[in-house]
Amino acid sequence: MNHLLNSNRPTPKPWPHKKPSYRSPLLSLSLLTLLFSLLFFLSYYSLTPNSHISPPTKTLNSQFPQCPISQLPQKFLWYAPHSGFSNQVSEFKNAILMAAILNRTLIVPPVLDHHAVALGSCPKFRVSDPNKIRVDVWNHVVELLRIGRYVSMADIVDISSLVSSSVIQTIDFRVFASLWCGVKDFDCFIESNEQLFLFDSLKQCGSLLSGLNGNVDKCVHAVGEDCRTTVWTYQNGEKDGVLDSFQPDEQLKRKKKISYVRRRRDIYQTLGPSSAAESATLLAFGSLFTSPYRGSELYIDIHEAPRDQRIQSLIKKIEFLPFVPEILSAGKEFADKNINAHFLCAQLRLLDGQFKNHWKATFLSLKQKVESLGQSPLPIHIFVMTDLPEGNWTGSYLGDLARDSHHFKLHFLREEDELVIKTAKKVVAAKHSLRSAFVPERMGGLKKHCPSERLPDVLLFIEEAVCSCASLGFVGTAGSTIAESVELMRKFGTCASQSLTAL
C-alpha cells in the first residue's frame, strides 16, 4: 500500500553495439557546450526548494480521464490532514474557512490514525513537501477503506449547523472519490470482485489529486506553498507579498543550507477569481495546520474579516465545533449514571512524545488540585483519561489514589465497555457526513452500510465529553491539545446543554 502511487519502470535494455563513426570537432564542441548548459540548469533547480517552483500546467487530455469537469458544477477544495485528532480538527476548521473564502465545496476527509501521517516542524523549516504529504494521506485513506475502519470527520464533529445555514457546502471524500475514480460502492470495496480495476483507478486518482502530474488545466491546481514560504492572510490591509516577521535565522540558513523567505499572501488574491487556480475544478492544499509563533502564525493568519461579514461570522462559529450528539450524550450518560456524583476529571498524557519526560510535573498538578478539594465529601470521585495502562499505575501517584479507596474513587472507560460499543454503532448508523453533504442524484442517495465494516474508535471522544461534565474541575496535561479541546468544551458548556435523547 505504501507503494500505491509508485510507477512500474521497465527493465532497461542494453545499449546496442555500433561501429565507431567520424564526428567533426565543431560538432563535439557544440555537444560539450550543450551538456554543460544542461548540467548547470539541473544543478540550479536541484538546489531550489520545491515550493519555490510553480508546478507545470498541463492541458487536459485523455491522459487524465479522472477529471469529470462537465459532470460537476461545483469547484472543490481538498487538503491533507495529519498528526493527532486535535490537530486534525484544527486543520478541519481552517479548511472550512478556506473553502468559504474561495467559494469551493469542501471535501470532508476521514479521521486519520494517530500520527499515521506527520508534517514535521515548521519553526525548523523541516516539513514534508505538499505533494508528498498529499500522497501519504491518500495512501492512508485507501488503507482505512481497505480494512473497513473509515470514519468521516463529519461523523465525529458536528457541522450540521454550518451546512444547514448554507455557510459552506461539503462533500464526503468517499462520494468525491467515487465520482472522480469511477469506483462504485466505495464504502464496501472490501467485498468488490474488481480489485485490480479498483486499485488501478485509485492509483491514477491519487497521482492526479496529489499533484504528482503537476497542475492540470481546468482540472487540478496543486498548491505548492507551505509554511516554509507562505503565511495566508485575508483582507488584512497589508500589501500582498510583504515579508513575514518570522524568518529563518542566519545560523539555521547556514546549518541547513536553506534559502526560504516567508511572505504574507492574501488567499483570495492568490487563489481566488482571476488567479491561475480559479479555473481548476479541484484546489489541493497540503497541510493546513497553523499555530501562533514568535509574534506571527506558522501558516494561516486569518482571525478576523471586518470587511466581509459572512466570513467574520464564520470565524466566530468555527471557534468551537462540538462532537456529534451521539458522542456528547454518551459522555453525559456516563457522568450521570456511572459516576452519579460531583467529580474531578484528570487528563494525563504520559507515554507519547515529549510528555513521557514530564511525569513529575503532570502528577504534581493533579496532586495540588486533589489537595485543594480537601473539604469535599468523601470519597472524592475522579474520572481518569490516560494513555498509561492500569497495570502500570503501581509506583505512581495514580497508583496511590487507586489504593486509597476510602478517600478516592477512580472512574475510567475501556474500549470494550458496552457504552463505548453502543456509541460507535450509533455513530456509524447516523451517517452524519453523508446526510449533511452534497450527494449527486445519480449516485442513488446514501451509501449502504457494509456488514464487514469495523466499528470506529470513539473512546477518546467520549472521554472528552465526560470531562466536559466534571463539576469539581479539570486537570489537563500541559501542552496537550486534548487538554485544550476539553477546556474549550467546558468554556462553551456543552455538557449543560446536552440531553440523553440521542441514546
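These legends walk through several close-up views of a predicted model.

**View 1. The largest nonpolar core.** Welcome to the inside of the model, where the largest nonpolar core has 116 residues. The residues with the most contacts inside this core are Ile96, Ile156, Trp180, Ile267, Phe285 and Phe383. Helix α2, which covers residues 85–102, contributes 11 residues, the most of any element. Because domain 1 (76–319) and domain 2 (325–415 + 457–492) both give residues to this core, it lies between them. Apart from it there is another core of 19 residues, including Leu366, Ile380, Trp393 and Val475.

**View 2. The surroundings of Phe285.** Which residues is Phe285 in contact with, leaving aside its neighbours within four places in sequence? Its partners are Leu77, Trp78, Tyr79, Ala80, Arg134, Val223, Trp232, Ile267, Leu271 and Tyr299. Ile267 also belongs to the residues with the most contacts inside the largest core, as does Phe285.

**View 3. An open sheet of three strands.** Here the strands follow the order β9-β11-β10, and their pairing is mixed. At the edges are β9 (230–233) and β10 (242–243), each of which pairs on one side only. Strands β9 and β11 (residues 263–266) run parallel and are joined by four bridges. To find your way along this pair, look for Thr233, which stands opposite Asp266 in β11.

**View 4. Trp78 and Trp138, a pair of rings.** The ring centres of Trp78 and Trp138 are 6.3 Å apart and the planes are at 90 degrees, so the pair is edge-to-face. Trp78 sits in strand β2 (residues 76–78) and Trp138 in helix α3 (residues 130–146), so the pair links distant parts of the chain, 60 residues apart. Trp78 is buried at a relative accessible area of 1%, and Trp138 is buried at 1% as well.

**View 5. Phe85 and Phe323, another pair of rings.** With centres 6.3 Å apart and planes at 25 degrees, the rings of Phe85 and Phe323 are stacked. Phe85 lies in helix α2 and Phe323 in the loop between α10 (309–317) and α11 (325–339), so the pair ties together parts that are 238 residues apart in sequence.

View 6. Lys75 is in the loop between β1 (57–58) and β2, while Glu278 is in the loop between α9 (267–271) and β12 (282–284), so the pair ties together parts 203 residues apart in sequence. Lys75 is partly exposed at 29% relative accessibility, and Glu278 is partly exposed at 24%.

View 7. Arg146 and Glu143 meet through their side chains, at 2.8 Å from N to O. Both lie in helix α3, three residues apart, which is about one turn of the helix.

View 8. Arg262 and Asp244 form a salt bridge with their closest N and O atoms 3.0 Å apart. Arg262 is buried at a relative accessible area of 1%, and Asp244 is buried at 4%. Both belong to a network of salt bridges that links Glu238, Asp244, Arg262, Arg264 and Asp301.

Notes: Residues are numbered from 1 along each chain as its sequence is written. This is a predicted model: local features need pLDDT of at least 70, side-chain atom pairs count only at pLDDT 80 or more; totals for chains, interfaces and linings use all residues. Side-chain values use heavy atoms; hydrogens and water are left out. A nonpolar core is a set of buried Ala, Val, Leu, Ile, Met, Phe, Trp, Tyr and Cys residues joined through side-chain atoms within 4.5 Å. Buried means under 20% relative accessible area, exposed over 50%, partly exposed in between (1.4 Å probe, protein chains only). Helices (H or I, at least four residues) and strands (E, at least two) are DSSP runs, numbered from the N terminus. Domain bounds come from an automatic or database domain assignment. Contact means heavy atoms within 4.5 Å. Two strands pair if DSSP finds at least two bridges between them. Rings of Phe, Tyr and Trp (its six-membered ring) pair if their centres lie within 6.5 Å; planes under 30 degrees apart count as stacked, over 60 as edge-to-face and the rest as tilted. A salt bridge is a side-chain nitrogen of Lys or Arg within 4 Å of a carboxyl oxygen of Asp or Glu.
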